[in-house]
Amino acid sequence: MRVRIALVALALVLAGCDQQAATGEAGGSDAPSLDAPAPESEPSRVFGASNDAARSATGELTVSLAMRMPDAAQENAEPREILTLRGANDLVLEAEINGAVSPATQVGGQTLRALLNIPVEEPQVLVYRVTQETKPSSGQGVCGADAPAFVIVWEPSGPGDGAMKVLGLTGGAPGAEGARACPMLEYGRQ
């Protein structure tokens with residue numbers, strides 16, 4: 001009985017070695033290869049402007065999220081979530097996730113809850129650090145003529161509610177002494 005078990009184990013080991021040798025010869029390289037780039041982690045979503053500030057800043061807004069892989073030279077770097085906002089007026093804003101903060105966080109003496117006019121039960125809003133903003137020919141962006149340092153994004157957590165609010169900040173992150181809020185941009189899902 002032990003001899004049979006030993007023979008079966010030996011046969012499995014040899015089969016595994018043959019399979020590994022065959023794939024090594026056919027590939028010619030031990031390096032992994034990609035057939036195609038990875039898709040964005042979430043498809044683009046289109047929102048229509050719901051207030052005057054949003055109509056003048058972007059008009060219709062296309063929102064997409066993607067995971068950006070770190071440079072291979074960076075040790076222990078993790079993939080980063082990148083938010084891209086594209087306005088119908090050619091505005092393009094890219095921002096990297098910075099974290100989530102409580103809507104009770106203050107900016108210029110007002111809470112984010114008040115600035116965004118969001119329900120009391122909302123536990124957090126997302127904060128993105130702006131990495132690039134390309135303004136349209138009018139020169140007006142998320143914060144008008146000023147360059148935003150951060151954008152706060154809020155979407156309702158309830159099912160079927162297709163709204164989104166964006167608040168640009170200049171001068172610093174939410175809660176920082178020099179942070180100033182830009183007009184709130186409100187959008188509805190199309």
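Biologist: What makes R45 and E155 a salt bridge?

Modeller: This is a predicted model, mind you. In it, the closest N and O atoms of R45 and E155 are 2.8 Å apart. The cut-off is within 4 Å, so the pair counts as a salt bridge.

Biologist: And where do R45 and E155 sit in the chain?

Modeller: R45 is in strand β1, while E155 is in the loop between β8 and β9, so to speak distant parts of the chain, 110 residues apart.

Biologist: Why is R45 called buried?

Modeller: R45 has 11% relative accessibility. Buried means under 20%, so R45 qualifies.

Biologist: What makes E155 partly exposed, then?

Modeller: Its value is 32%. That falls between the 20% and 50% limits, so E155 counts as partly exposed.

Biologist: How do you know that E94 and R68 meet in a salt bridge?

Modeller: The N to O distance is 3.5 Å, and that is within 4 Å, so the call holds. E94 lies in strand β4 and R68 in strand β2, so the pair ties together parts 26 residues apart in sequence.

Biologist: Why is E96 buried, but R129 partly exposed?

Modeller: E96 has a relative accessible area of 19%, which is under 20%, so E96 is buried. R129 comes out at 33%, between 20% and 50%, so R129 is partly exposed.

Biologist: What joins R80, E96 and R129 into one network?

Modeller: Salt bridges that share partners do that. One of them is E96 with R129, at 3.3 Å, N to O.

Definitions and conventions
Residues numbered from 1 in each chain as written. Predicted model: local features only at pLDDT ≥ 70, side-chain atom pairs only at ≥ 80, totals over all residues. Heavy atoms only, no water. Salt bridge = Lys/Arg side-chain N within 4 Å of Asp/Glu carboxyl O. Helix = DSSP H or I, 4+ residues; strand = E, 2+ residues; numbered from the N terminus. Buried < 20%, exposed > 50% of the residue type's maximum accessible area, 1.4 Å probe, protein only.
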